[in-house]
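Please examine the following model alongside its sequence.

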Amino acid sequence: MTTPSLQSSTGAPHAAILGIGAYRPERIVPNSEVVEAIDSSDEWIQQRSGIKARRWAGPEESVQMMSVAASRQALERAGIDARQIDCVVVATVSHMLQTPAVATAIAHELGTDQAAAFDISAACAGFCHGIAMASDFIRAGSARHVLVIGVERLTDILDLNDRGTAFIFADGAGAAVVGPSETAGIGPVVWGSDGEQFDLIRQKEDWRDVVGSADNPGSGTMPHLVMQGNPVFRWASYAMAKVSQQALDRAGVTLDQLDCFVPHQANMRIIDAMARSMKLPPTVRIARDIAEQGNTSAASIPLALDRMIAEGDAKSGDLALLVAFGAGLAYAAQVVTIP
Ligand SMILES: CC(C)(COP(=O)(O)OP(=O)(O)OC[C@H]1O[C@@H](n2cnc3c(N)ncnc32)[C@H](O)[C@@H]1OP(=O)(O)O)[C@@H](O)C(=O)NCCC(=O)NCCS
């Protein structure tokens with residue numbers, strides 16, 4: 001008897017982002033509302049981070065609700081019906097159930113019950129991980145249309161008295177519909193991790209330490225995000241400029257061909273340091289959504305893209321370099337075409 005050889009799938013020649021959507025919580029929180037609890041000032045926050053205000057979600061603005069709203073907009077802009085989506089990937093660190101994945105509930109609410117649906121945990125780099133996976137799924141034939149969502153309700157895990165994080169993190173959702181394309185709309189990903197720096201940005205403690213045991217009662221408090229800001233700042237400013245250049249090289253795009261630079265909206269000074277060290281020409285438009293939105297982790301890149309498109313800084317067909325980085329430390333970068 002001969003061993004049968006397995007069939008393998010093949011997909012579309014290329015993949016591209018077909019539409020982008022966003023959801024920003026209604027409540028705008030200016031620096032003046034956060035300074036008292038952390039003994040800070042509007043001036044200090046703006047100077048050190050570039051943040052003027054952020055969006056914080058209200059009780060009705062859940063991870064699922066924000067994701068569905070952003071996804072509906074992305075689907076409409078892509079001209080794709082939800083039933084055509086056969087895979088939903090949600091990048092988040094603030095869905096409060098370890099299981100099941102929020103992606104399944106989002107798929108159901110959108111009306112695409114047959115879709116594969118799962119969450120990924122790559123913190124602020126999650127959306128770019130999702131875009132890389134979507135591109136590969138489509139080209140390998142595992143899916144035809146993939147919905148990639150970056151969503152966070154970081155206020156649920158934020159300690160409003162922590163001087164190092166309270167003014168930085170925020171809430172929101174962004175989504176992208178990725179589908180087949182005749183030309184390459186998503187360049188090769190450059191991604192990786194540096195687990196030696198696992199503790200630089202993390203939840204303070206494990207849920208088991210919170211709950212405790214009969215002999216050893218737990219703390220009973222939410223394991224908030226904690227961050228060692230200085231080393232994160234140095235790592236991001238230096239290493240991520242190199243990763244960005246590698247993504248350009250792998251896509252075969254030179255600096256003078258690049259239209260938009262869309263880095264993770266972590267801190268305006270990191271964005272400026274990266275732009276300087278990459279020697280970006282003045283013709284490259286740079287995303288600066290952080291000033292009004294704060295750092296929304298996995299949602300930051302699609303939110304920043306959405307603003308650039310809305311304000312005319314990114315036009316259909318433009319080449320945009322995305323680079324995302326955060327807890328882990330994890331990172332991912334790729335060049336994409338604006339839909
Ligand atoms: C958080 C961050 C803005 C802090 O800025 P910094 O320049 O590193 O600040 P430092 O922690 O060195 O503190 C500098 C001074 O400001 C003070 N300070 C710290 N937090 C403060 C706050 N919220 N308000 C006012 N003063 C503050 C410190 O006490 C210190 O005072 P001192 O010089 O008298 O000792 C900065 O480290 C940062 O943005 N890091 C990257 C964070 C990031 O992007 N994270 C997301 C990655 S996904």
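This is a predicted model: local features need pLDDT of at least 70, side-chain atom pairs count only at pLDDT 80 or more; totals for chains, interfaces and linings use all residues.

Residues are numbered from 1 along each chain as its sequence is written, and side-chain values use heavy atoms, with hydrogens and water left out.

The largest nonpolar core comprises 39 residues; such a core is a set of buried Ala, Val, Leu, Ile, Met, Phe, Trp, Tyr and Cys residues joined through side-chain atoms within 4.5 Å. Buried denotes under 20% relative accessible area, exposed over 50%, and partly exposed in between, with a 1.4 Å probe and protein chains only. Ile17, Ile131, Val146, Val178, Val262, Ile301 and Leu322 have the most contacts inside this core. Its largest share, seven residues, is supplied by helix α5 (residues 126–140); helices (H or I, at least four residues) and strands (E, at least two) are DSSP runs numbered from the N terminus. Because domain 1 (14–181) and domain 2 (190–337) both contribute residues, this core lies between them; the domain bounds come from an automatic or database domain assignment. Beyond residues up to four places away in sequence, Ile131 touches Ile17, Val148, Ala176, Val178, Ile186 and Gln334, contact meaning heavy atoms within 4.5 Å. A second, separate core of 28 residues includes Val232, Leu258, Val323 and Phe325.

After the helix comes Gly79, with a positive phi near 70°.

At the ligand, 21 residues form the surroundings, and Ser40, Arg48, Gly229, Asn230 and Asn267 are the closest; a residue counts as near if one of its heavy atoms lies within 4 Å. A polar side-chain atom of Ser40 is 2.6 Å from a ligand nitrogen atom. Polar side-chain atoms of Arg48 and Asn267 each lie 2.5 Å from an oxygen atom of the ligand. Asn267 occupies the loop between β11 (260–263) and α8 (268–278), and counts as buried because its relative accessibility is 9%. Leaving aside neighbours within four places in sequence, Asn267 is in contact with Arg48, Ser49, Phe233 and Ile290.

Note on methods. A polar contact is a pair of N or O atoms within 3.5 Å; within protein, one must be able to donate a hydrogen and the other to accept it, and residues adjacent in sequence count only if both atoms are side-chain atoms.
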